Amino acid sequence: MDNFTKEVTGGIPSSLPELQPYDPAVNHAPRRRDILTTDEKRLALRNALRYFPRQLHGVLAPEFAAELRDYGRIYMYRYRPAYEMKARPLQEYPHRSVHAAAIMLMITNNLDPRVAQHPHELITYGGNGAVFQNWAQYRLTMKYLSEMTDSQTLVIYSGHPLGLFPSHPDAPRVVVTNGMVIPNYSSQDHWERFNALGVSQYGQMTAGSYMYIGPQGIVHGTTITLLNAVRRLKPADDSTRRSRLFISSGLGGMSGAQPKAGNIAGVVSVIAEVNRKAIEKRYAQGWVDEVHDDLSLLAERARAACRSGEVVSLAYHGNIVELWEKFAEEGLWADIGSDQTSLHNPWSGGYYPAGLTFDESNRMMAEDPDRFRSLVQASLRRQVDAINRHASNGTYFFDYGNAFLLESSRAGADITDGRGGFRYPSYVEDIMGPICFDYGFGPFRWVCCSGDPADLAKTDAIAAATLERLVNDSPDDIRQQMSDNIHWIREAGHNRLVVGSQARILYADARGRTRIAEAFNEAVAAGDVSAPIVIGRDHHDVSGTDSPFRETANIYDGSRFTADMAVQNVIGDSFRGATWVSLHNGGGVGWGEVINGGFGMVLDGTPEASRRLRSMLMWDVTNGLARRSWARNSGAVAAITREMERTPELVVTMPTLADDDLIDEIIRQWAVVKRIKN
């Protein structure tokens, strides 16, 4: 038995593993706030020790207490596995269920240091998007997956493996929930406290659902967003601006996709990042072209690139506020602007204020959190003022779903429109909602479980050929999306998008996803692809997420603050054939601001997989189309109508449009009656 198999099947070892030194070369999570009372700290230690036999508590209790004191959390660093953390070929995972082995592959990919933002703290992206709360949970989960059968289901509560329960082959192998708390206990402080106690976690979206595929997972959506943002712009002066200028921030987790997407979209990208290690990772991976420290030289470089028509991505090691301000001083106005700091987590490393170094911020957020909060809000006000200067000179600025508008408004920045809304749109309001989601297009993704790049190339070709067949009879309102995605998948290999597992993403509607998945399953059955394929999606999709400031921002019937769609989606996926499902509180815009869910499905070449994919993928898209149609979104009305024509069993309640003149007259009459009564 090799060491990897031995460690996985052994779970939590009965004897103490050797204590591993803290590695300063790794990008670690910042120290968290000391938020627990003395009694709560006792409770946190009791909670942590319950994973281990009593004879080890004398060693582990002071060790865990030191972690809680020094880092604000108990990560159980001693139990971090000695083996290399990465996605391995499927057959290397010890298993009784192929489906469980595929889930192990996805988990280890989420924690691969090339992929994860803070791998030793089990955080994949977004500053706090966790796969597990501690290494005991990881070890126990991997053990359960290695020994479970297709007649059992593993239940995960916010990283904690509750246990294996009897089920049946058509049930999900794993059901995950993350951060599901009573609504009145869903503030940022509640998350800090529950997470420090070890009883809940922030799973982000694809971190806690084991579906993250590195920055590629968002690069396609960012590319689509930038392409369509450029299409909204007025013609540029070719003498000074042959390439469009895009300014944003963040090169850490998902934000690291921005420079690559900018290159694919054909713009000059200038992206600020305060964390040197994050910049070095993206530069080494080829996801950013140049790194700059001097703002004056950077402005000259960006101006020259725009004038010459160059396509290039420029990282700035420094604060985004100073970047916006400097370019405004230079009269170097952005064509497109956004922000991808992790403002869902503004007080614990998601946003670094101007005027402090990276290290100074990390110390202050733990030692003087009230002052740090004040500096973050002052910095947001400065940033918005600079963005407003750019916007008054023609910049198209959009919120990229990171709660920038929301947190800026809470900071008192000049960001509102005076009518209860914001002066800038969410990218979902202007682009992703009306162009993609309302027509059923969303981030379909897959992972080749062989780990073989040749298999990924074959799946790229299958997906491209499938879309090319479908585009021939596609209606005009989705032809641009079809064409963009065909171009994307044809160029995917050339763009060197893979980081970690052999994975790919493209945007497709229900018909496209189903046809591609069917073709994949047939290729596995025929042996053309050498191992099973995992399909899934980002939670950021047509049906997967209820988020009033992002995914459902273009729902205008008053229901965007409800969460029926996301919850129903997970329930429906679970009994229609998903291999695993997850439901989360938080993701993108923050804890308490969103409910979202996802799935994974293993295509193993069997007829059962074919039956499941047809049933589940249809529901996974049409649920959201039906909801968006009921909200009177015209694109969704058209898309769900077409789907009902193709699928006689699908019967959706359709809206009747009211006469606005009639309603206005009734409201006018009410006002008259009210004046008379008064």
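Modeller: Contact here means heavy atoms within 4.5 Å, and since this is a predicted model, let us begin with Asp23, which, leaving aside its neighbours within four places in sequence, is in contact with His28 and His120.

Colleague: How do you know whether Asp23 is buried, exposed or partly exposed?

Modeller: The relative accessible area of Asp23 is 30%, and because buried requires under 20% and exposed requires over 50%, Asp23 falls in between and counts as partly exposed. Asp23 lies in the loop between α1 (3–10) and α2. Along the chain, Asp23 and His120 are 97 residues apart, while their C-alpha atoms are separated by 9.0 Å.

Colleague: Why are α2 and α6 called oblique to each other?

Modeller: Helix α2 (residues 38–49) and helix α6 (residues 188–197) pack at an angle of about 45°, with their axes 8 Å apart. Angles under 35 degrees would count as roughly parallel and those from 65 to 115 as roughly perpendicular, with the rest oblique, and the two helices are therefore oblique to each other. On the α2 side the contact is made by Glu40, Leu43, Ala44 and Asn47, and on the α6 side by Arg193, Ala196 and Leu197. By class, these residues of the contact of α2 with α6 divide into four nonpolar, one polar and two charged.

Colleague: What makes α6 mostly covered?

Modeller: Seven of the ten residues of α6 are buried, namely Gln188, Trp191, Glu192, Phe194, Asn195, Ala196 and Leu197. The elements that cover these buried residues include α2 and α3 (57–71). Just after α6, Gly198 takes a positive phi of about 80°.

Colleague: Which value of phi does Leu122 have, and how do you know whether Leu122 is buried or exposed?

Modeller: Leu122 has a positive phi of about 60° although it is not a glycine, and its place is in the loop between α4 and β1 (123–125). With a relative accessibility of 0%, Leu122 counts as buried, the requirement being a value under 20%.

Colleague: Which residues have the most contacts inside the largest nonpolar core?

Modeller: That core has 144 residues, and those with the most contacts inside it are Tyr138, Tyr210, Trp446 and Ile535. Its largest share, eight residues, comes from helix α4 (residues 98–110). Not counting residues up to four places away in sequence, Tyr138 touches Pro81, Tyr83, Met85, Ile107, Thr108, Leu111, Leu122 and Phe132.

Colleague: What makes α7 roughly perpendicular to α15?

Modeller: Helix α7 (residues 216–232) and helix α15 (residues 427–436) pack at an angle of about 105°, their axes being 10 Å apart. Because the range for roughly perpendicular runs from 65 to 115 degrees, that angle makes α7 roughly perpendicular to α15. From α7 the contact takes Gly221, Ile224, Thr225, Asn228, Ala229 and Arg232, and from α15 it takes Tyr427, Asp430, Ile431, Met432, Ile435 and Cys436. Seven nonpolar, three polar and two charged residues make up the contact of α7 with α15.

Colleague: Why is α12 called oblique to α13?

Modeller: Helix α12 (residues 358–367) and helix α13 (residues 369–391) pack at an angle of about 125°, with their axes 6 Å apart. That makes α12 oblique to α13, because roughly perpendicular covers 65 to 115 degrees and roughly antiparallel needs over 145. In this contact, Ser361, Met364, Met365, Ala366 and Glu367 in α12 meet Pro369, Arg371, Phe372 and Leu375 in α13. By class, the contact of α12 with α13 has six nonpolar, one polar and two charged residues.

Colleague: How far does helix α21 reach from its first C-alpha to its last, and what is expected?

Modeller: Helix α21 (residues 634–646) has 13 residues and reaches 19 Å, close to the 18 Å expected at 1.5 Å a residue. Its buried residues are Gly635, Ala636, Ala639, Ile640, Arg642, Glu643 and Met644, and they pack against α17 (476–491), α18 (510–526) and α20 (607–630).

Key: Residues numbered from 1 in each chain as written. Predicted model: local features only at pLDDT ≥ 70, side-chain atom pairs only at ≥ 80, totals over all residues. Heavy atoms only, no water. Axes fitted to C-alpha atoms, helices over the stretch in contact; angles between N-to-C directions. Helix = DSSP H or I, 4+ residues; strand = E, 2+ residues; numbered from the N terminus. Nonpolar A, V, L, I, M, F, W, Y, C, P; charged D, E, K, R; others polar. Core = buried A, V, L, I, M, F, W, Y, C linked by side-chain atoms within 4.5 Å. Buried < 20%, exposed > 50% of the residue type's maximum accessible area, 1.4 Å probe, protein only. Expected span 1.5 Å × (residues − 1).
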